[in-house]
Amino acid sequence: MAGKNSGSKKRQGGAAKGQPSWTPYLVAIGVAVLALAVYSLMNPMPAEDRQQRSPKASGQSVAQLEAQMRQLATSLGAVGKQGEGTQSKVFKQIQAMADAAQDTLTRSEAAGSDEERRAILEAGLAAKAEWLSLMTGQTDRLHAEEEEEQKERDPLKPSASSDVASLTDSSFAGYIQKNRYAMVEFYAPWCGHCKKLAPDYAKCAAEFKGRAGFAVVDATVETQVARIFGVGGYPTLKWFVRGRPIEYNGPRLAEKISSWVEERLKPAYSEVEASDDWSEALEVAGGLTAICAGSGPQSSELLKTFEAAAEHLRGKKLLFLWTASEAEGAIVLHKLGSEPESCAAAAGACKTAEDYIAWLIKAWGITQL
């Protein structure tokens, strides 16, 4: 049985207490890598090649080489100063690069000739490739450490390489809009049932990759979206079709979730040829009590509404049939022994999927689903 939500935690801007945040380091490295990459593109010739060419073979003047080195020293120095007062090895390495660039400038200024200055500057700029490699390696290492620490803080949050997306209050709507079909799990990091579900959920996400989205939401942090969808226990699984949620109440096992989703990916309605009389179909349909017949252009909003209603009432004794037509669309309910009923003809014409669903349930004579 799912545990109840005992309250929500406030979002923390940084890492959890007692845990370092690698974000400033990654930002610093990113700036340094960008600076190094830019100047590598501006002067990509290897040092050994330049030594075998004439003094002006690089195509750049001494003043241009000096300007590159000065800008590089300034950029790296600005990043290095962000780490003043810390014991960060990353910032110290960046500051060391800035000092090396400044030393190159000092030695260049003290040189006795342009040829000597050029040699000093080109040798200094040649070190960029080594610095770029070092910073790239630091970035990879810090990303790996950040991911490991994230797993310790929130073991249920998917890694960047997972087939399961991790959603927030701000990213939820975009994800649901992008994925016509999506399963979303609302969880709490401390929830034992959620931890047990995690490997099965990931397995399903991999199975349906490209066909349906699978995502998770930490409901103790993303409280707005959890509140909107009435999450009161963990885990709560909701299946979204064109943005409309349907509760999944089945077993939380990979094979059960998989078979349920597989059925849900099948259309909830059938496409048929036009007909003016559905009574015969009702008579031979066995246990069916009604037919909901829709018609209209395939690209119409009415078809989306019809699909939403069919999905909402999937599995009930109501057959949904759609006929493609260029004429103005309509949705009509046919019941055995009764005259056809149209939502537009009812009091208060239907405008939304919710209107149609409410009308269908009332017109169908069903009080509980």
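## Strands β11 and β12

In this predicted model, valine 332 has serine 342 of β12 as its bridge partner. β11 and β12 run antiparallel and are joined by 2 bridges. The two strands form a hairpin with 5 residues between them. Glycine 337 of this hairpin takes a positive phi, near 80°.

On its other pairing, β11 (residues 330-335) meets β9 (residues 290-296). These strands also run antiparallel, with 6 bridges between them. Two facing pairs can be picked out. Cysteine 292 stands opposite leucine 333 of β11. Serine 295 stands opposite alanine 330, again in β11.

## The open sheet

β11 and β12 belong to an open sheet of 5 strands. The order is β8-β10-β9-β11-β12, and the pairing is mixed. Which strands stand at the edges? They are β8 (270-271) and β12 (341-342). Each has a single partner strand, so one side of each is left without a neighbour in the sheet.

Two helices meet these strands. α12 packs on the sheet and touches β9, β10 (318-324) and β11. The direction of α12 makes about 165° with that of β10. Helix α13 (residues 353-364) lies across β9, β10, β11 and β12. α13 runs at about 20° to β11.

## Histidine 334

Histidine 334 is placed in strand β11. Is this residue buried or exposed? Its relative accessibility is 11%, so histidine 334 counts as buried; the cut-off for buried is under 20%.

What is histidine 334 in contact with, leaving aside neighbours within four places in sequence? The residues are Trp278, Leu282, Ala290, Ile291, Ala293 and Pro340. Tryptophan 278 is 56 residues away along the chain from histidine 334. Even so, 6.9 Å separates their C-alpha atoms.

## Two nonpolar cores

The largest nonpolar core has 39 residues. Phe172, Met183, Phe214, Trp239 and Ile257 touch the most other members. Several elements give two or more residues to this core: α7 (172-178), β3, α8, β4, α9 (223-228), β6, β7 and α10. The largest share comes from β3, with 6 residues.

Tryptophan 239 is worth a look on its own. Not counting residues up to four places away in sequence, tryptophan 239 touches Tyr181, Ala182, Met183, Ala212, Arg244, Pro245, Ile246, Trp260, Val261, Arg264, Leu265 and Glu311. A second core is separate and holds 23 residues. Its members include Tyr269, Leu313, Ile331 and Trp364.

## Helix α10

Which residues of helix α10 (residues 254-264) are buried? They are Ala254, Ile257, Ser258, Val261 and Arg264. Seen down the axis of α10, these residues fall within an arc of 125°, so they line one face of the helix.

The cover over the buried residues of α10 includes both strands and helices. Among the strands are β3 (181-187), β4 (213-218), β6 and β7. The helices include α8 (192-207) and α12 (301-312).

Most residues other than glycine have a negative phi, and most peptide bonds are trans. Two places depart from this pattern.

The peptide bond from tyrosine 234 to proline 235 is cis, with omega near -10°. Proline 235 sits in the loop between β5 (233-234) and β6 (236-241). The other place is arginine 242, a residue other than glycine with a positive phi, near 50°. Arginine 242 is found in the loop between β6 and β7 (244-248). Its relative accessible area is 39%, so arginine 242 is partly exposed.

## The chain as a whole

The protein chain has 369 residues, of which 39% count as buried. How many helices and strands are there? The chain holds 13 helices and 12 strands.

The chain exposes about 20200 Å². Carbon and sulfur atoms supply 51% of that area.

Conventions. Residues numbered from 1 in each chain as written. Predicted model: local features only at pLDDT ≥ 70, side-chain atom pairs only at ≥ 80, totals over all residues. Heavy atoms only, no water. Helix = DSSP H or I, 4+ residues; strand = E, 2+ residues; numbered from the N terminus. Buried < 20%, exposed > 50% of the residue type's maximum accessible area, 1.4 Å probe, protein only. Arc of directions from axis to C-beta. Contact = heavy atoms within 4.5 Å. Pairing = 2+ DSSP bridges. Axes fitted to C-alpha atoms, helices over the stretch in contact; angles between N-to-C directions. Areas by Shrake-Rupley, 256 points an atom, 1.4 Å probe, with all protein chains shown as cover. Core = buried A, V, L, I, M, F, W, Y, C linked by side-chain atoms within 4.5 Å.
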